[in-house]
Amino acid sequence: MTGLLALLSCGPKEPPAAVVESRAPLMYFIMVDRFANGDSTNDPPGTDASDPQAWHGGDLAGVLQNVDWLDKMGVTTVWLSPLMKTRYDPFFEWGAFHGYWVEDHGLLDPAYGTEDELRALSAALAERGMSLVLDMVYNHSAMDGALLAEHPDWFHTTGAIEDWNDPVELQNNRVHGLPDLDQDKPEVYAHLLSASWYWTELAHPAGFRIDAVRHMPPGFLARLDQDLGDVWMLAEVYDGDPAQLRSDWDEGGFESVFDFPLHFAMVDVFCKDAPLGRLAATLSMDRIYEDPQALFTFLDNHDRPRIQSACGDNTQQALNVLFSLRGTPTLTWGTEVGIEGAEEPENRSDMRFESHPLRDNIQHLAAFRSASPALARGDSWVSGFDGQTLSVTREAEGQRLTLDITDTTFSIRNGGPDKPTGTTVVQFKLREGDVVAGAGPELGNWDPATRVRSATVPHGTVLEFKHVDMSGESPVWEEGPNRYLWVP
């Protein structure tokens with residue numbers, strides 16, 4: 001088949017996909033104010049491109065003018081930061097340019113452009129076989145905005161989150177001081193649902209990226225998911241624990257989630273000299289997900305250090321692995337030109353449209369992935385680990401490839417072992433009074449109170465764990481790095 005396919009595949013709840021026949025899915029995140037200023041007449045008051053905390057004037061016109069930049073790189077889905085009416089003034093020393101301090105959930109902010117410009121962008125993406133994802137902020141509003149003044153009864157009255165391990169505080173208290181909406185109130189739900197319909201009818205996005213999922217009741221999100229019908233949802237579950245990710249994924253009813261556990265593992269291994277077992281064990285946790293291929297993988301974002309700053313010369317190795325593993329790889333604006341920044345606001349700097357070796361290689365990786373059924377959409381399993389080299393085998397449509405990964409080298413070879421089946425019992429060598437606590441349900445999800453001394457695990461698993469002395473009044477964890485065990 002030649003030409004462009006439909007914007008979305010047939011059937012409900014389909015993810016933004018490789019809607020150009022020859023492309024594997026690749027998502028690209030744009031913080032609109034930092035991408036390109038295509039129309040200076042809509043710049044908000046205080047715009048100053050020399051101030052890292054001020055607005056810089058990026059807008060929908062700027063995105064539209066650079067769609068070909070994304071298209072040529074192999075991008076299939078463009079995710080935009082929130083376009084909702086937002087605060088303009090800084091809050092103490094922190095800028096408001098990012099769009100997450102919402103004043104009106106159901107109104108396009110004029111600093112980003114007009115409704116016609118958003119429609120034009122959506123149409124331009126569709127013409128190239130690309131899809132649009134909009135960022136939705138349902139958890140909170142701006143600090144002292146009109147919504148809080150007009151409807152104070154719509155918000156929880158608790159203070160800021162103090163215990164980030166308390167699930168009640170996570171859902172009911174303020175995140176970084178932001179007024180926390182009570183989504184259980186019928187009028188709040190009606191407001192957020194109406195706002196969602198505004199965006200779907202205006203831009204016809206392929207889906208929504210849902211901000212701050214861990215801070216909202218799962219029941220609210222599941223209900224919203226159902227009421228919005230065919231709108232596909234990608235959730236931000238900002239947690240490095242695969243068990244927590246799986247729990248929030250199931251409870252919220254989302255189609256996809258960001259793979260924060262894999263993000264942290266890749267950064268630890270390729271940027272911080274962590275043992276390769278960290279990555280091997282994280283990939284082995286795919287056993288707890290219903291569909292690991294539905295995960296969206298990434299190396300950095302607007303809340304995390306830029307991969308160029310974190311990894312330096314090893315950035316290319318990290319990108320090679322990102323584009324070869326299961327899931328949909330996601331890039332953040334400017335990764336392709338080496339944008340740096342270890343923390344805010346430096347990690348949210350302006351886009352540069354220039355030639356760069358990273359961009360050339362990303363184009364090559366995207367094309368190579370697209371040409372390979374195994375890499376684009378194949379099943380995936382850990383097929384070997386000796387402490388120095390991790391092997392991951394992928395297979396689809398009669399093609400089987402094996403990735404051999406170290407912390408500094410990467411290669412792909414044809415073939416590989418069959419996917420292992422069945423389970424085996426692991427007997428841990430422990431002193432009297434010691435138990436094992438580690439990643440995965442078989443090892444108690446790091447809870448030593450489960451008192452694991454042996455475990456039944458699937459063949460082809462890399463276990464991550466520590467020994468814990470339970471002979472005293474309280475657990476005593478062994479010092480040093482975690483242990484890793486390959487179970488062939």
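Contact is defined as heavy atoms lying within 4.5 Å. Helices (H or I, at least four residues) and strands (E, at least two) are DSSP runs, numbered from the N terminus. The model is predicted, with local features requiring pLDDT of at least 70 and side-chain atom pairs counted only at pLDDT 80 or more, while totals for chains, interfaces and linings use all residues. Residues are numbered from 1 along each chain as its sequence is written, and side-chain values use heavy atoms, with hydrogens and water left out.

Helix H3 (residues 115-127) comprises 13 residues and reaches 18 Å from its first C-alpha to its last, close to the 18 Å expected at 1.5 Å a residue; the expected span is 1.5 Å times one less than the number of residues. Leu118, Leu121, Ser122, Ala124 and Leu125 of H3 are buried (under 20% relative accessible area, with exposed meaning over 50% and partly exposed in between, for a 1.4 Å probe and protein chains only). Viewed down the axis of H3, the buried residues fall within an arc of 160°, so they line one face of the helix; the arc is that of the directions from the helix axis to the C-beta atoms. Asp116 and Glu127, on the other side of H3, are exposed. The buried residues of H3 pack against several elements, among them helix H1 (60-65), helix H2 (67-73) and helix H6 (186-203). Glycine 129, which has a positive phi near 75°, follows H3.

Helix H13 (residues 357-371) contains 15 residues, and 21 Å separate its first C-alpha from its last, close to the 21 Å expected at 1.5 Å a residue. Leu358, Arg359, Ile362, Leu365, Ala366 and Arg369 are the buried residues of H13. These residues cover an arc of only 120° around the axis, which puts them on the same side of H13. Exposed residues Pro357 and Ala371 are carried on the face turned away from the buried side of H13. Partners against which the buried residues of H13 pack include H2, helix H14 (373-377) and S12.

Strand S12 also belongs to an open sheet of four strands, in the order S11-S12-S13-S14, with antiparallel pairing; two strands pair if DSSP finds at least two bridges between them. Strands S11 (379-385) and S14 (410-414) stand at the edges, each with a single partner strand, so one side of each is left without a neighbour in the sheet. From one strand to the next, the twist averages 25°. S11 and S12 (residues 390-396) run antiparallel and are joined by six bridges. Threonine 393 in S12 is the bridge partner of tryptophan 381.

How values were computed:
Axes fitted to C-alpha atoms, helices over the stretch in contact; angles between N-to-C directions.
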